[in-house]
Amino acid sequence: MNKFSWYDAASIEEAQKEVNATVSQTIQPDSPENAAVFKASGIDLLDLMKEGLSGPAKVVGIRNIPGLDEISFDPEKGLRVGAMVTLSQISGDDRIKANYLALHQAASRAATPQIRNMATLGGNLAQRTHCWYFRSKELVCFRKGSSTCFAHVGENENHAIMSYGYCVSIHSSSLATALMAFDSIVEIKDKDGKIRLVPIKNFFVLPTVDRTRENILEPGELMTAVILPAPKRNTVSYYIKMGSRKSQDWPMAEVAVVAELSGNVCKSVNVALGAAAPVPLISKLANDSITGKTITEATAAEAGRAAMQIALPLSENGYKIPVFQTIIKRALLAVV
Amino acid sequence: MKTKRIKLPHGIPGYNLGEIEREVPSTEPPALAVNDKLKVIGKRIKRTDALAKVNGSAVFTADVHLPGMLYGRMLRSDIPHARIKSIDVSAAREYPGVFAVHIFDRRYEGANPKKNSSDSEFPDVIYAGQPIAGVAAVNPDVAQEAVSLIKVEYEPMDFVVTMDEARKPGAPLVYQTDVDQEASDGGEEIEEGLKSKGNVRGPSTKSFYGGPRGDLEKGFAEADVIVERTYRTQVQTHCPLETHGVVVDYNHGNVTIYASTQSTKNTRNEFARTFDLPKSRVRVISEFIGGGFGAKHTLGSFGVMAGYLSKKSGRPVKIMLDRKEDHISAGNRPNSLQIIKVGAKKDGTLTALKQLSYGTAGIGLGAGVGNIAQAMYACPNFKTEQYDVFTNTGPGAAFRAPGNVQGAFALEQLIDELAERLDMDPLKLRDKIDRSVIRKVEREHGTKILNWQKPKKPGSDPGPVKKGIGVAQAHWPRFVNLDSSVEVRVMRDGAVEVRSAVQDIGTGTKTTLAQVVAEELGLRAEDVTVLIGDTLFPIGPSSGGSVVTGSITPPARNAAYKIKTKLTDIAAEELNTDANNILLENGYFMLTDEPSKKISFKELAAKMRVEQITATASRSDDYGGFMLGTIGFEELGSVQFAEVSVDTETGFVKVDKVLAVHSCGRPINIAQIESQINGGVIMGIAYALYEDRVMDKNTGHQMNANLDQYKMPFSFEIPDIQIELIEEYGAISSTDATGIGEPANIATAAAVANAVYNAIGVRITEIPITPARILAALNKEKKVNNE
């Protein structure tokens, strides 16, 4: 790991004054010298530094900034989760479990209890992909500035099956999948202190748009919270993660469903897919397939098949299609 | 040699326990009674070092810190195959905080080619991760920084990292000439002098017990049923919790080495040979080891590097590999491609068994898998042809039952399939073809516990999640290392000390030794201090091949017996009786016919003429001799049953339960044996379902050289493991104990694979059994649609 200086910020303004780069910029070949970056809990940043991928000159800690680690809930207004709230806090919060089950499930299944005690919502959403080519110091992949996506012609069992361009990495945040299904809003404070509210589907960036980053955050911009709309009556949610292990593992496929029901009839639905594409996705095909129908084994399975119509698997990851079909079906069946 | 005849317990309690008379050296102690009648042996004794391990006071190599110590880091090639044109270390040498830089003049790992392919002064790079040079500096970060300043000019060459590609004619050659390699003490077999064709060396037709037998053609002609299948197993890395590492204090040729090693003896001998020093000038200390599993038998290239850096800098140098280095360079279980064919009569009698295998140990040798097929079942006609295939990947190493784990995966699925073809219960078929008495008892015991009935029709469960049950067996020879010595000392205050260079790889060797000596001296295990893992003490066996308990406990008992004899003489004087009339029990010497006349062990020790008396013993030959070399007559057989659930819609496999029925001769410490079996089963499940070294064919790099994407089982993956231990007395030594490490790990993957077949009705012939493989086998995987 490189040498770096440490700055412990006491306020957002102070932190923003110090920071001049995003972590993603430090991974690029033209990484700015004297880069100063935010560190939330450091789960991903320290991994990147230890792996020799990121070498910021200054690390600005934001854990001691007050007010960022709070959860507030109002049945009328919805849920506000501070960016520094830990995954353990989320999975232990009864209000979240009662009203936003899929978020509770996603937080509870992520990583390990020890990591969940440290990892924050903001850090989780802003983490870099775990594509193993991207994570290899020795290999300069397309995302890191070369003209080669090694996964495209290499070991791509974990990679994307849809909505990819040349880069076939998948986004690594499980919480993002759940938050997508809830139509969440990301609250961002820019360097001038202005608050921006960004729908989460606009927060993530496809490599076809900009391969050097995975979200819209600019240097010095700080994600301060994620806001979930108030739960509607008769709205239920469910999340399923399939990994090769039940213990700590990255998903090979995951789905979050938020459905508004009338009896067993699906009035409206959001089916979000994780580990399918370079960003978490809403499957419009699945939504359209099941909306207005009674949720049954047959209609749920049909929605799963519909979601996979646009799948274009790589040499090693065709297995993801039946896995996605199954967990979409099971998540839909779980809400009725 | 003077001998005597003694009667020893023989057989299996509850089955055929009796007595047998053996002629043994007259110095041997009397026969040890069966465990039921003993006080310390065969009991669940708490580890003597449990507290030290729990409170962190146990010093592992990673914890060693010497005054003035430097930290070494190595430059490793990040390209898989190249000639080195030049190396410039000037910037590294001048970097502040650097004390020494060393460039390797040859490779200290893998096979030894007869000559280098080029006339370069540096060895060719033949895998990504090969160490080239090293730096010693004030701390690891400075060392790493200095390493990054070393400039190497490479001339890259074509490379090959997959076995299938490496076997093809015209594939890039890893070695230009024939190669050989010394086998470690880990139990892997390397036949000397075989020729290579391309990257393929062999065939070796040998196995632990010799060569081919009978006439295959005739055997298959006699068969009513023939089954032939191809199986594949993956490369598995050892992943010890403590990575490989050493601290070398060269100290002008009076060397002290702290090593995380499975063999203090080999580490000492290799270092002495490499640095041309007498063995007496090299001391190796290894008090605690954080796992090894076969990969820590040798000094290692890092050990050589630490030696040179310490010699050059005049300071102690520590090199601990990081996790990535451990994955890519410190050993692995070779993969295998096995084509195996069996012929049988209608009643199950085997007529012929033929095995052909390829495996890659990367740049090393030792990928043979033929032992278990040769040894486990009665079959008059047998032949194995085993080929090593070189690839530009890190060297393999012995790994917990080398060859047999791979071999069992194939053989035990084939036998399961044969049973189905013959419409026989798989256990009934084994009753017919398996001569081993211990496995017969284990099968009977296991079937009783599980209420085993002939397995249901494969894949017959309704619903998407299907349950299945499977069984598989293991064979492992009883290896003995006769170069195993122990010293026992008694001091005037009654303290008892055991000394041996044998190391405790983590299985509890210290406690085992304390128990054996305590039993002989009528004491408690905690009364005995065990000092091991230091070559200043009498030399002990390497921790490999499951040899330790069977090799080191008999001399420990024999040395204690010598001490007991000496003390008994003193006691006889004190109690005014004849030595024959003295009994040592519960801390007292007493008269056999008048137990109230007694003197305590402590009081008696105070009467010793000298401050301490000592006795040393070495391992005697097995009572009754050996079957072959130093392989005993009895075997370490086991039978494991697995129950699994398979989700046929997601391909997810969960092992619900494993019943492991084992024997290891006379058990010394039940808790430690169970701990070993638990570990072996978990490792077997990992092999069956999760672990897989992923090499990128285009770049030659391992993609998952970490513990994040290299998948080990964690708590949720560990099933209910039920262990049944069968006592078995072979009357082979003064303790009659043997090891358990390897057999615990052999049968599991095959049992899981057979259970998966029973669940879904389709055989998975390649491990790990991932969701992708299950779905592909069930024809549910979408066809590839790659541009």
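Trainee: Hi! Which residues does B:V756 touch, leaving out those up to four places away in sequence?

Mentor: B:V756 touches B:G468, B:V644, B:V646, B:V653, B:I764 and B:I769. Two residues are in contact if their C-beta atoms, placed from the backbone, lie within 7 Å. This is a predicted model, where local features need pLDDT of at least 70, side-chain atom pairs count only at pLDDT 80 or more, and totals for chains, interfaces and linings use all residues. Residues are numbered from 1 along each chain as its sequence is written, while chains are lettered from A and ligands numbered from 1 in the order in which they are written.

Trainee: Thanks! Which members of the largest nonpolar core touch the most other members?

Mentor: B:V756 is among them, along with A:A102, A:A256, A:V257, A:A276 and B:V752, in a core of 196 residues. From chain B, this core draws at least three residues from each of domain 3 (163–238 + 331–434) and domain 4 (436–476 + 634–787). A nonpolar core is a set of buried Ala, Val, Leu, Ile, Met, Phe, Trp, Tyr and Cys residues joined through C-beta atoms within 7 Å. A residue is buried if 20 or more other C-beta atoms lie within 10 Å of its own, exposed if 12 or fewer, and partly exposed in between.

Trainee: And what does the second, separate core include?

Mentor: That one has 81 residues, including B:A128, B:V179, B:M320 and B:A367.

Trainee: Switching to domains: how many residues of domain 1 of chain B are in contact with domain 4 of chain B?

Mentor: 20 residues of domain 1 are in contact with 20 residues of domain 4 in chain B. The domain 1 side has α13 (509–521) and α14 (548–574) of chain B as the elements giving two or more residues, and α14(B) gives the largest share, seven residues. The centres of these two domains of chain B, taken over C-alpha atoms, are 38 Å apart. Domain bounds come from an automatic or database domain assignment, and helices are DSSP runs (H or I, at least four residues), as are strands (E, at least two), numbered from the N terminus.

Trainee: Now B:I6. Why is B:I6 classed as partly exposed?

Mentor: Because B:I6 has 19 other C-beta atoms within 10 Å. B:I6 sits in strand β1 (residues 3–10) of chain B and touches B:R22, B:V24, B:P30 and B:A31, again not counting residues up to four places away in sequence.

Trainee: Last one: what pLDDT does chain B average?

Mentor: Chain B averages 96, with 99% of the residues at 70 or above; pLDDT is the predictor's confidence in each residue, from 0 to 100. Over residues 783–787 of chain B, pLDDT stays under 50.
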